[in-house]
Amino acid sequence: MAFHLPRVYPITDTELSGLSHAEQVGCLIAGGATLIQLRDKHAAPRDFYCQAEAALQLARAHHVRLIINDRVDVALALRADGVHLGQTDMTAEAARRLLGERVIVGISAHNLAQAEMAVNMPVDYVAFGPIFKTATKENPDPIAGVETLRAVRSIAGALPVVAIGGITLANAEEAWKAGADAVSSIAALVSDPSRIPENMRKMLANSQADLGK
């Protein structure tokens, strides 16, 4: 399948949700997710590998694509659908050489200079933010805001742009209107484990409503 960036790109968090990555993936799939990122900054490598393996099996059974945050080694070992890189992770060029041309490679950017560099990297999308105030990162970068997001959209050309950081059901529309091809969210989707499918459905419905405006 050719890479298609959905309008809503959820990210898992075991500490926030209290659920395993596989459990979150199941809930997000129930809500309509088609591309999910596994993010875990604290799990030991072996534990994360095992959790990611279980999540990937579930995702594959539902034809949903799974992206591994930071850990190129885990993505490679599991033959995951892709990897998402931060500014201090392995370079996009090195990750692409290891993973091949068919694997999705995304990268984070937190300012215009980083976004401009991303345009010339072998990546499939750039995630830009934080757009709004976020509580899911221990040391968040300065808030970029929707105006900077709009500037990133103008310089990104054909490269898809994902808005990230503090995205909620209430403010996601601002990000789409500023030119984001997709929004990525953690807390708004998974902080209440009993409402993950419902929250996912609501954000997807908002994305479709925005397209109609």
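Among contacts in the chain between residues at least 6 apart in sequence, 56% join residues at least 24 apart, where contact means heavy atoms within 4.5 Å. The model is predicted, with local features needing pLDDT of at least 70 and side-chain atom pairs counting only at pLDDT 80 or more, while totals for chains, interfaces and linings use all residues. Residues are numbered from 1 along each chain as its sequence is written, and side-chain values use heavy atoms, with hydrogens and water left out.

The secondary structure of the chain comprises 10 helices and eight strands; helices (H or I, at least four residues) and strands (E, at least two) are DSSP runs, numbered from the N terminus. The C-alpha trace spans about 40 × 40 × 35 Å along its principal axes. For 213 residues, a compact globule would have a radius of gyration near 17 Å, and the 16 Å of the chain agrees with this; the radius is taken over C-alpha atoms, and the globule rule is 2.2 Å times the number of residues to the power 0.38. Of the 213 residues, 53% are buried, a term that means under 20% relative accessible area, whereas exposed means over 50% and partly exposed lies in between (1.4 Å probe, protein chains only).

Two packed helices are described by the angle between their axes and the distance between the axes. Helix α6 (residues 112-119) packs against helix α7 (residues 145-156) at an angle of about 20°, and their axes are 10 Å apart. The two helices are therefore roughly parallel to each other, since angles under 35 degrees count as roughly parallel, over 145 as roughly antiparallel, 65 to 115 as roughly perpendicular and the rest as oblique. In this packing, Leu112, Ala115, Glu116 and Val119 of α6 meet Thr148, Ala151, Val152, Ile155 and Ala156 of α7. By class, this contact has seven nonpolar residues, one polar and one charged, where Ala, Val, Leu, Ile, Met, Phe, Trp, Tyr, Cys and Pro count as nonpolar, Asp, Glu, Lys and Arg as charged, and the others, Gly among them, as polar.

Ala22 is placed in helix α2 (residues 21-30) and is buried, with a relative accessible area of 19%. Beyond its neighbours within four places in sequence, Ala22 is in contact with Ala54, Ala55 and Leu58. The C-alpha atoms of Ala22 and Ala115, which lie 93 residues apart along the chain, are separated by 32 Å.

Ser207 belongs to helix α10 (residues 196-211), and its relative accessibility of 0% counts as buried. When residues up to four places away in sequence are not counted, Ser207 touches Arg7, Val8 and Trp176.

Key: Axes are lines fitted to C-alpha atoms, for helices over the stretch in contact, and angles run from 0 to 180 degrees between N-to-C directions.
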